Structure formats: C-alpha cells, structure tokens
Amino acid sequence: MNKRENIYSLHGIDKVFKFTLIQTFKNKAYVLSFVLFVLVMTFMGPLQYIMSKNGEDTAKALEADFENIGIKNVYVFNDTPVEFNLSEINKEDNEDITSEISRTDDGIRIGNVKFVDSTDKTFSSRNEWLREEDAIIYIHTVDEGIEVSGIRKDSSDIDTGELDDVTAVIKDNYEKARLRNINISNEDIIKISSGVHTDGVVKEADYVAEQSKTISGQKYYTYILGFSVIVMMIVSVSNSFIIASVTEEKQSKLVESLLVSVRPMALLMGKIFGMMAYVLSILVCGFIGSKISDIVLKSVMKVSEENYSGSGFDLSIFKQFGPSGFVIMLVALMLGYLTFGIVGGIFGSACNTTEDIQSATGSVMVFVMTGYMGAMFMGMMDKNILNLIMAFVPPFSYFSAPIMYVTGRIELWSLLLSFVLQTVIVVLLTRLCAKTYRNLILSDSSTPKIKAIFKSAKV
C-alpha cells in the first residue's frame, strides 16, 4: 500500500456509483426482483383482506346456524323467580347466531327453530305432547345455583351438538335477564360477560412500564415481524450483489485497472451506495404500490380503514407512525444496510473462487439471521430486559430498535443511543475496510477470511 495515499479518499466514488446503478438495472434478475416486489406491495393488501375474510367466513360456519338444524320447536320452561322474556332476544346480543331473529306471538323464531314460552304446557307430562323433532329448555334451581338443561325424547334423532347450541342461546340470554333483574345496566352486563383476565403478579415499576406501551400484544409482534422482514430482505439481496460484484472484478483483473483512477475506499463505497440507490428505489415504488393497495381497498372494495390498515407485512408500516416514525425507520434501515454492506464488501474482497463467494455470503447471512431470529423470539416475549438487549446489542438492534421506540417500549434517549452505537460500528468497519480492502482485493491468498482480514489490517 502506498503510504502517502489517503486510505479514506473517496475520489472516483461518483463513477463507481453510476456504473453500479446502471449494471444493477441491466441485470435481469434484479429487474425481476424489483418488479415482483412492487407488485407484491400493490396487491398484498387486497389479498390479505380477502384471505382474512375467508377465515372469518370459515369461523362463522362453525357458529350456531339455525337455518340448517333438525329441531323444529323448542319449549322454554322457566322454573325460577327471574323474569325471562324470549321477545328480548335480539341478533346484536347473540353474535354467534348466523340466522336472523323474528318475532312470534308466543316467543321468537331463529332460522327454522321456533322458541316457545311454555306457560301453557306442563313440564311433568312432556312425554304426552313432546314430538321427536321438538326439544325442551328447562331452567330450574338446583343446590349449586341455577341450571339450564336441554332435553329431547328418548326416541328422538336430534343431534346433541344442535341441542347444545340451542341451550347455549337460552342460557346466555337468561344470564343477561338475571343481571337486569337486579338493576345492573347493559354496559355493566357487557363488562361482566367479557370475563376477567389476569397476567399474574407484577412489580409496580413493571406495571407502569407495561401501561406506557402505546401498542401491545399481537399488534406489536406484527410490526416487529414486518420491519424485520424488510431489513432482512434488503440486506440479503444487496449483500449477495456486492460480494459477487467484488469477486467478479477481482477474478477478471478489472480491479487492477480500476484502482489506477479510483481509490480503494471509493471503489467499495461506490458499490454500496449504488446498491443503496437501487434499494431506495424499491422502497419508494413499493410505498407507492402500498398506497395504491389502500386506494383499491377503500374506494374499489369499500373496506373501512380500521379493517385493513396496519397489517405490518408491507410498507404500510412506514406510514403507520407519522413523519417522525417514517424518518426513524428509514435511518435505522440505512444504518443496518451500511453495516452489512461494508461487512459484505470486506468479505467479498477476500474471495477468489465461487466456493469462496458462497462461504462469504453464508457468513454474512449467519449474522443477519441471528439478528432476525433474535428479534422475532425476543419480540414475541416482549419483556423489558429483552427489549433493552434488542435496543443496544447488534445485530438485534438493526431489526427492532425503531419499532420498539414507535410502539412505546423504549424512550427517545435509548433510541438515540442505539443509533450512536450503530454509527460507531459503521465508522469502525469503514476504518477496517480502508486498511484492508486494497490488500485483500489484490491478493490471491487462500488464507481463511477472518484471519486474512485482520492480518491485512496490520500491514
């Protein structure tokens, strides 16, 4: 290495940048990747909504469907002091019923099933008037409290599951009537019916921290997943190109000619920034595609915004948290890209054969997948101590720090400190690159990669 040469010189970076960008868009594989990515961003919203609606329709098919049931008449006997009126049953309070509710003189009809208030019947003589296609719902007092029982004739072919569905409807509505009879409001009844949930015993500080999170549960994990997938995809695609490009120039001896007019740092950084321009163009076009997806959902498919926004699996994540959230995620994405890009360039400069390219790409991908999988598993657990680890420790911080901030898991100082640490790593890698790149790219040594890199840095 020429001792008088400025190892950090970026002279000629503009030429390398233009050449790299042009060559990228001449590569059919990268053009195809670009087009497919934009198409996925454009159509993913409608496809996700359609699939989710199909899932909802499947779930509804498992609910009580009184249009297709073998029971004709259900006689309701209320042998308790609670006033229970069948006419008060309505569809809004019984979401698990897939049939419409209509009124009759003596009760209600849900689909093909008629519910009758049996004040004119005698429960004890039911065998005399109950038919095979009929059933009885008997509400009575037992030692443990109140019991709601479904009864059919011994000779009846009524399906047990269908009778259970019928009994469940009366049981739920009787419980609401029982609460109303003791002057509990409908709002309180809804709260009581929703049940009680507990997360166990926590410390006060942990509880306060938990409550300060603006987004929790599955929604938070969805955002972590969405951002991590974007980082992993962009880093993987760009690194494979950088490593292959560096090695190809090295094998063809083209690099020896390039180094006459272009400084070593400029050669590598020109490639990295050229690929960054390609990546940013994908993001911009993907973002536009995501907006088109929203327009299709809202204007064409007439879907309300709350039913499709914030899916997190496309670039909509960049617009979920306003302009500040967009800038934060973009800065994090660029820092991660620069870090992995420089590492890929250094590893690529130590490659001499196709097998070396595979080994170098695999080594970088191990680092990438460690950060990706760590962000997934620790994000799933969502514990304060794990969140701090993910915020400050690379490679996890590249995949999770911005999402933890915009969702309220870490404060602004933690995010800024995370960015400072990532910037320091970029600076250190740049210094290492400046000291090793020329020596490695002109060498045909078969020395193991890590050993070759650090050995070259000492020269």
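Asp 382 sits in the loop between helix H11 (354–381) and helix H12; here helices (H or I, at least four residues) are DSSP runs numbered from the N terminus. The phi angle of Asp 382 is near 50°, a positive value in a residue other than glycine. Asp 382 is buried, with a relative accessible area of 14%. Buried stands for under 20% relative accessible area, exposed for over 50%, and partly exposed for what lies in between (1.4 Å probe, protein chains only). The model is a predicted one, in which local features need pLDDT of at least 70 and side-chain atom pairs count only at pLDDT 80 or more, while totals for chains, interfaces and linings use all residues. Residues are numbered from 1 along each chain as its sequence is written, and side-chain values use heavy atoms, with hydrogens and water left out.

The peptide bond from Pro 394 to Pro 395 is cis, with omega near 5°. Most residues other than glycine have a negative phi, and most peptide bonds are trans.

Helix H1 covers residues 13–26, which makes 14 residues. The expected span of a helix is 1.5 Å times one less than its number of residues. For H1 this gives 20 Å, and the end C-alpha atoms are 20 Å apart, so the two agree. Which residues of H1 are buried? They are Val 16, Thr 20 and Thr 24. These residues cover an arc of only 65° around the axis, and therefore lie on the same side of H1; the arc is that of the directions from the helix axis to the C-beta atoms. The face of H1 turned away from its buried side carries the exposed residues Lys 15, Lys 18 and Lys 26.

On a 1 Å grid over the protein atoms alone, a cavity is a set of points where a 1.4 Å probe fits but cannot get out, and its lining residues have an atom within 4 Å of a point. Grid points are joined across faces, edges and corners, and a volume is the space filled by probe spheres set on the points. The count comes to one cavity of 30 Å³ or more, and the largest cavity holds about 50 Å³ of space. Its lining consists of Ile 234, Met 276, Val 279, Leu 280, Leu 283, Leu 333, Met 334 and Tyr 337. Helix H9 (264–300) and helix H10 (322–349) each supply at least two residues of this lining, and the largest share, four residues, comes from H9. The lining has eight nonpolar residues, no polar and no charged ones; Ala, Val, Leu, Ile, Met, Phe, Trp, Tyr, Cys and Pro count as nonpolar, Asp, Glu, Lys and Arg as charged, and the others, Gly among them, as polar.

Ser 240, in helix H7 (residues 217–251), counts as partly exposed at 31% relative accessibility. Ala 434, in helix H14 (residues 412–441), is buried at 5% relative accessibility. Ala 434 and Ile 346 are 88 residues apart in sequence and 9.5 Å apart in space, C-alpha to C-alpha.

Note on methods
On a 1 Å grid over the protein atoms alone, a cavity is a set of points where a 1.4 Å probe fits but cannot get out, and a pocket is an open set with protein on both sides within 12 Å along at least five of seven lines; lining residues have an atom within 4 Å of a point.
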